[in-house]
Amino acid sequence: MNNGDAAIVVRGLRKVYGDRAAVDGIDLEVGRGEVFALLGPNGAGKTTTVEILEGFRKRDGGEVTVLGADPATASRTESFRQRVGIVLQGTGEFDELTVGEVVRHFARFYSSPDDPGTVITRVGLRDKAGARTHTLSGGQKRRLDVALGIIGRPELLFLDEPTTGFDPEARREFWGLIKDLRSSGTTIVLTTHYLDEAEALADRVGVIAAGRLIAVDTPRLLGSRDEALATVSWRTPDGVWESAQSAAPTALITDLAARYGGEVPALTVTRPTLEDVYLEMIGAA
Ligand code: ATP
């Protein structure tokens, strides 16, 4: 990636709490229009990293450029706030105000906001537009957080564990929203503990462990997933389930097809999932 195309450039980022480095020398680039997912176990340093990029936390070392500016100072400027959308971990409660009132209120902070009604519908809260925020369920509050993150039509959107507490249907709807935002050119950085979410949404994923970025790749290639042994499973004509690991599954299936005279009963071929390679990486780290 040419640096000029980068929405975010991080070099040697460090953050220390007491005598412990929470972020310990991270280098990272996120391209404009890219969806980048940060993965890592609890306490790995994801939120710290993201909050430094947002300008919410001070760094102790390294260089950070977000949309061409240093967030440590730029985050206090109006233009940075106009261009960057932020969804933090769990806010979503505004006492006696309704969903519609809160979203309309936040829209006024931006020079060219999206239409509040459209945004409320996009996050799946149309039926709750008139409901007071304290009556929303956990997942509905999270949707409201997302609405507030996108109401200003940001160029760059940060989402910290956006779908925690969503039911499966709401997560799929949310994924659709993120794909729409990506199609319209929004750069997105998200943290998540859901590997299927990273796989569905991210162009690239970065794995953080103990404050270090230990891998960055596309979900398909992370940890050389594509080259890992394949597991081929099938059922023999007398009903016995068989499975074999193979580096050459095509050859094995060709053999099986010859052995069974055509269709191999109940054939499946699987490779390690993103979760499998992620857990292996984290274990090794
Ligand atoms: P999670 O997945 O649980 O959200 P995370 O990867 O986002 O975790 P961080 O919140 O960045 O992790 O925390 C990284 C480390 O820094 C942890 O050990 C945490 O205890 C420590 N830490 C974070 N914030 C502070 C703080 N304000 N003061 C002291 N230590 C902190």
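How many bridges join strand S1 to S4? There are five, and the two strands, with S1 spanning residues 6–17, run antiparallel. Before we go on, please note that this is a predicted model, in which local features need pLDDT of at least 70 and side-chain atom pairs count only at pLDDT 80 or more, while totals for chains, interfaces and linings use all residues. Residues are numbered from 1 along each chain as its sequence is written, and side-chain values use heavy atoms, with hydrogens and water left out.

Strands here are DSSP runs of E with at least two residues, and helices are runs of H or I with at least four, numbered from the N terminus. Two strands pair if DSSP finds at least two bridges between them. The open sheet has three strands in the order S2-S1-S4, paired antiparallel. Its edge strands, each pairing on one side only, are S2 (20–31) and S4 (61–66).

Now turn to the ligand. It is surrounded by 15 residues, the closest being Gly-43, Lys-46, Thr-47, Thr-48 and His-193; a residue counts as near if one of its heavy atoms lies within 4 Å. Helix H1 (residues 46–54) gives the most to this shell, with three residues. Polar contacts are pairs of N or O atoms within 3.5 Å. Among them, a ligand oxygen lies 3.1 Å from a backbone N or O atom of Ala-44, and a ligand nitrogen is 3.1 Å from a side-chain N or O atom of Arg-57. Another pair sets a ligand oxygen 3.3 Å from a side-chain N or O atom of Glu-161.

Key:
Contact means heavy atoms within 4.5 Å. Axes are lines fitted to C-alpha atoms, for helices over the stretch in contact, and angles run from 0 to 180 degrees between N-to-C directions. A polar contact is a pair of N or O atoms within 3.5 Å; within protein, one must be able to donate a hydrogen and the other to accept it, and residues adjacent in sequence count only if both atoms are side-chain atoms.
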